[in-house]
Amino acid sequence: MGERAVLDVDLQWERNNEDHHTDAFHEDRLIVRRGQPFVITLSRKFEGNLLQTLSKAKLTAQTGPHPSVSSGTKVSMDLNGEKQDSGWSASVSPSGKAVSLTICPAPNALIGKYILVLSESSNRKTDLGKFVLLFNPWCPDDTVYMEENEQREEYLLSQDGLIFYGNSNNINSMPWNFGQFESGILKASLKILDQSLEHRNDPGKDCRQRNDPIYVTRVLSAMINSNDDSGVLRGRWNGNYSGGVEPSKWTGSVEILRQWHDSKCKPVQFGQCWVFAAVGCTVARAFGIPCRVITNFESAHDTNGDLKIERVLTEDGPPMKESVWNFHCWVESWMKRPDLKPGYDGWQASDPTPQEQSEGVMRCGPVPVKAIKEGDLTCKYDAAFVYAEVNADVVTKYRTRNGILQDVLSKDQVGQNISTKSIGKDTREDVTHLYKYREGSKEERESYMNAQVCQQFDLSIEDPGDVLKGSDFVLYIRVANKSSVKKMIQLQVSSGGVLHNGLLDNSAPQSYTGEHFVSPGEVLKVPMEHRYMRYSALLGTSSQLLVSVLLTDESTMARMMEKRIITLQDPKLNIQIVGQPRVGKQSCVKLSVKNPLPEKLSDCWFGVEGANLTNGQMLTRRISYVGSGKEAKTRICFTPIQSGPCKLMATFYSKKLGYVKAYTNLNVSK
């Protein structure tokens, strides 16, 4: 007989992907999870007993640029079903006229792209095909194992969610399309690992550590930002976004990751903390690591590691930059920590936003959330920095004209209302108790007592309620004299824009300085009027309105400070789905919004985006202008590709109003 017949291989990717919870990737290739078997079918015409031939063969699975047994990037298996030293196993069994080859990767196998090679006893080698191996939260022996199904649904399989923002007095949510299963996202995610500094410096060492979700998470923390490498996103906070996209415009991770991959790894412009965190969450979920976005309100940025935030005021007003951010986002990833002492498994905080260097690179974490709560600052990685974000002491000083620093009593507290999306619901879950002890504990009570030293006054800024963009409103500064004597006080009030990271801008500045007598028991209320035309410059930016009050007791020169951040509310963006959306059929949505400003809007557009609805892209429609008090309307069509529950996210933009966002949940029929 002439040449031996070619071995026919069927990777059965559709069935295997469904069994491994990877069918949502919508990719025509084999994607499986470690610690779980998958089956491929082999057949060969015009040859004897294939099963007997294969029983003497060896199977090799290899990954990385230079696979080797010594590095763990190449594993060899006998086809007898016995677990090899590598933890992998393989077996053959009859399947009609064909042979089924069952392969079970080790639960601690390296993740990434693999090639399967069959070596028969005659030294004949056959390339059986390629597959991608991911972490497996369904496998009890995998270090990312997550026991509850509803948690896996939310933190791994869900392609959309909510991210919380605003300030501790006014918490808002924005919808986000994580889109980890959209076309091209897994390819981009794997490319991130190959572009890391670790891989460039030593590809073999990098690949053999990819079995460890701790290592992978730390690499992602560095690679989502572009400060030290060809990472995904470039950050910008100064308000100038020319040459890129304003961070507030993004509604999902898909466009960002596709653009980065398709541009040969050129950093995408621009991101801020919620964008960095959301993209990091997308990649972690694509790899099979359960992940969620966390928002910390009143988040401290400790630059020198002393766990204190020092703010110095002068007679000229507040500092140019607050060291406490209105809010800051990072991610938590679920995994065991065998490298640490017992008790630190579970949620691990990591932060891809570039803030401070860790081991010479802009990255942070992963660090156990439990270690933050316990104050274990020696814990890997970067425990002290994350601890300060939620626990740092805020020390406020006043520098007189002759240079003397005096204490200012301030009620600022960091680490408030730490938030994430609830499981299976579009509501906020408060997870502050996971990071710090609850109010009323011994530790918290001591802190509270220290902050209440000998107050002679009760100083506050009254809550104005919901303030719609375009409205005029009045803020009242309230001072109560709690002493038994008449007091002369000075009030210095400033009002202006502040970005979420505490950077003050020069938009809409207002100030007031005045002296007042306050009798014992008297409550003084000082109005501060805010008209639209004074604060209108804030609306086209990401700024909120920061009002700060410095009170000086002129008899003792003691000072105290209070501040309030006002979030100006967007108008309601109305979403109406036309008919019942069905897979493969065009569906449409009606969008409308009323212009609340006392002037017209120009150069406007509507946009919609949703996982499995818009192919990872934002579909847009432009509107030339919208008159004051008038309603803008449009209709946008889309074609769903998968049945089940989805989120459709909508955006309305104008330069004067900024980005107005909303979402609706819908259920796509087959």
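Biologist: What makes the largest nonpolar core a core, and which residues have the most contacts inside it?

Modeller: A nonpolar core is a set of buried Ala, Val, Leu, Ile, Met, Phe, Trp, Tyr and Cys residues joined through side-chain atoms within 4.5 Å. Here the largest one has 59 residues, and Ile192, Val232, Trp274 and Phe287 have the most contacts inside it. Helix H9 (residues 273-287) gives the largest share, 11 residues. Helices (H or I, at least four residues) and strands (E, at least two) are DSSP runs, numbered from the N terminus. A second, separate core of 50 residues includes Leu459, Val493, Val608 and Ile623.

Biologist: What does Phe287 touch?

Modeller: Leaving out residues up to four places away in sequence, Phe287 touches Ile111, Leu134, Phe135, Ser189, Leu190, Leu193, Val216 and Leu220. Contact means heavy atoms within 4.5 Å.

Biologist: Before we go on, what kind of model is this?

Modeller: This is a predicted model, where local features need pLDDT of at least 70, side-chain atom pairs count only at pLDDT 80 or more, and totals for chains, interfaces and linings use all residues. Residues are numbered from 1 along each chain as its sequence is written, and side-chain values use heavy atoms, with hydrogens and water left out.

Biologist: Why is Asp382 with Arg218 called a salt bridge?

Modeller: The rule asks for a side-chain nitrogen of Lys or Arg within 4 Å of a carboxyl oxygen of Asp or Glu. The closest N and O atoms of Asp382 and Arg218 are 3.3 Å apart, so the pair qualifies. By this rule the count comes to 27 salt bridges.

Biologist: Is Arg218 buried or exposed, and what about Asp382?

Modeller: Buried means under 20% relative accessible area, exposed over 50%, partly exposed in between (1.4 Å probe, protein chains only). Arg218 has 5%, so it counts as buried, while Asp382, at 22%, is partly exposed.
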